[in-house]
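Student: I would like to learn how to read the features of a model like this one. Where do we begin?

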Amino acid sequence: MESEFQQQQYVDAASPNQIEALKGSESGNLAMLPPALENEEQWQRVGRQISIFLAKIPEYIGRFYQEYKLPIISFALLVIVVTALRIFLAVLNAINDIPLVSPILQFIGLGYTIWFTFRYLLKDSTRQELAAEIRLLKKQILGRKESQTLS
C-alpha cells in the first residue's frame, strides 16, 4: 500500500526548489505551488503589515480629529440635538395620549394667551413696557449696548 502512494520529486528547471507530486501524475497537469517556506514568510510579512497598521490607528485617529475637529464637533452636536428633540417629542406625544391631559394643557395655553394679550398688547403703555423688557433681555443675552445692535 505504501508503494502506491510513494512520492516522486520533480524538479522545475526555473526554480531551485523541488516540488513533490504523486506517482503516476504528469508534471504538466499539476498546479505548481510555492514551497511552504515562502508561504509562511508571506503570511509573516502580511501579519507584520497588519500589526503595524493596527499600532498606528490611534495616531491616524488623532490626526484626523485634529484636522477635522470643528466639523466633527458640529456633527456630534447636531446628532445630540436631533436625538434630544425626538425624545422630547416622544415624551410630549406620550403625555398627549393620556386622557384629559391634552385638553387641560390646551386650556392652560389658551388662558396664558388671553392673559398675555390683556396684560401687554391692549394698551400703549404696556406695549412700551414689553418692548423695554425685550430690549433688556436682548442686552443681557447678547452683551451689547443698544447702539451696537443691528435693529
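Tutor: We begin with a definition: a residue is buried under 20% relative accessible area, exposed over 50%, and partly exposed in between. F116 has a relative accessible area of 27%, so F116 is partly exposed. Keep in mind that this is a predicted model.

Student: What share of the residues of the protein count as buried?

Tutor: Of the 151 residues, 4% count as buried. Y120 is buried, with a relative accessible area of 11%.

Student: Which elements make up the secondary structure, and how do they run from the N terminus?

Tutor: There are four helices and two strands. From the N terminus on, the order is β-β-α-α-α-α.

Student: Which residue other than glycine has a positive phi?

Tutor: L100 has a phi near 70°. This residue is in the loop between helix 2 and helix 3. L100 has a relative accessible area of 65%, so L100 is exposed.

Student: Which residues make the nonpolar surface patch?

Tutor: The patch is made by I87, V91, I95, I98, L100, I104, L105 and I108, and its area is about 740 Å². Helix 2 (69-96) and helix 3 (101-121) each supply at least two of the patch residues. I95 is in helix 2. Residues of a patch need over 30% relative accessible area. I95 has 33% and is partly exposed.

Student: How is a pair of aromatic rings described?

Tutor: A pair of aromatic rings is described by two values, the distance of the centres and the angle of the planes. In this structure there are six aromatic pairs. In the pair of F53 and Y60, the ring centres are 6.0 Å apart and the planes lie at 45°, so the pair is tilted. F53 is partly exposed at 45% relative accessibility, and Y60 is partly exposed at 34%.

Student: What are the distance and the angle for F116 and Y120?

Tutor: The pair of F116 and Y120 is tilted, with 5.2 Å centre to centre and 50° between the planes. F116 and Y120 are four residues apart in helix 3, so about one helical turn separates them.

Student: Which residues form one aromatic cluster?

Tutor: The cluster is formed by Y112, W115, F116 and Y120.

Student: How many salt bridges does a search of the whole structure find?

Tutor: The search finds three salt bridges. A salt bridge needs a side-chain nitrogen of Lys or Arg within 4 Å of a carboxyl oxygen of Asp or Glu. R119 forms one with E129, and the closest N and O atoms are 3.0 Å apart. This pair links distant parts of the chain, since R119 is in helix 3 and E129 is in helix 4, ten residues apart. R119 is partly exposed at 30% relative accessibility, and E129 is partly exposed with a relative accessible area of 30%.

Student: What separates R63 and E59 in helix 1?

Tutor: R63 and E59 are four residues apart in helix 1 (residues 36-67), so about one helical turn separates them. Their salt bridge has its closest N and O atoms 2.8 Å apart. R63 is partly exposed at 45% relative accessibility, and E59 is partly exposed at 47%.

Student: Where do D124 and R127 lie, and how many residues apart are they?

Tutor: D124 and R127 are three residues apart in helix 4, so about one helical turn lies between them. Their side chains meet in a salt bridge, at 3.8 Å from N to O. D124 is partly exposed at 45% relative accessibility, and R127 is partly exposed at 37%.

Methods:
Residues are numbered from 1 along each chain as its sequence is written. This is a predicted model: local features need pLDDT of at least 70, side-chain atom pairs count only at pLDDT 80 or more; totals for chains, interfaces and linings use all residues. Side-chain values use heavy atoms; hydrogens and water are left out. Patches are made of residues with over 30% relative accessible area and no salt bridge: like charges are joined within 9 Å, nonpolar side chains (Val, Leu, Ile, Met, Phe, Trp, Tyr) within 5 Å. Accessible areas come from the Shrake-Rupley method with a 1.4 Å probe; for residues, only the protein chains shown count as cover. Buried means under 20% relative accessible area, exposed over 50%, partly exposed in between (1.4 Å probe, protein chains only). Rings of Phe, Tyr and Trp (its six-membered ring) pair if their centres lie within 6.5 Å; planes under 30 degrees apart count as stacked, over 60 as edge-to-face and the rest as tilted.
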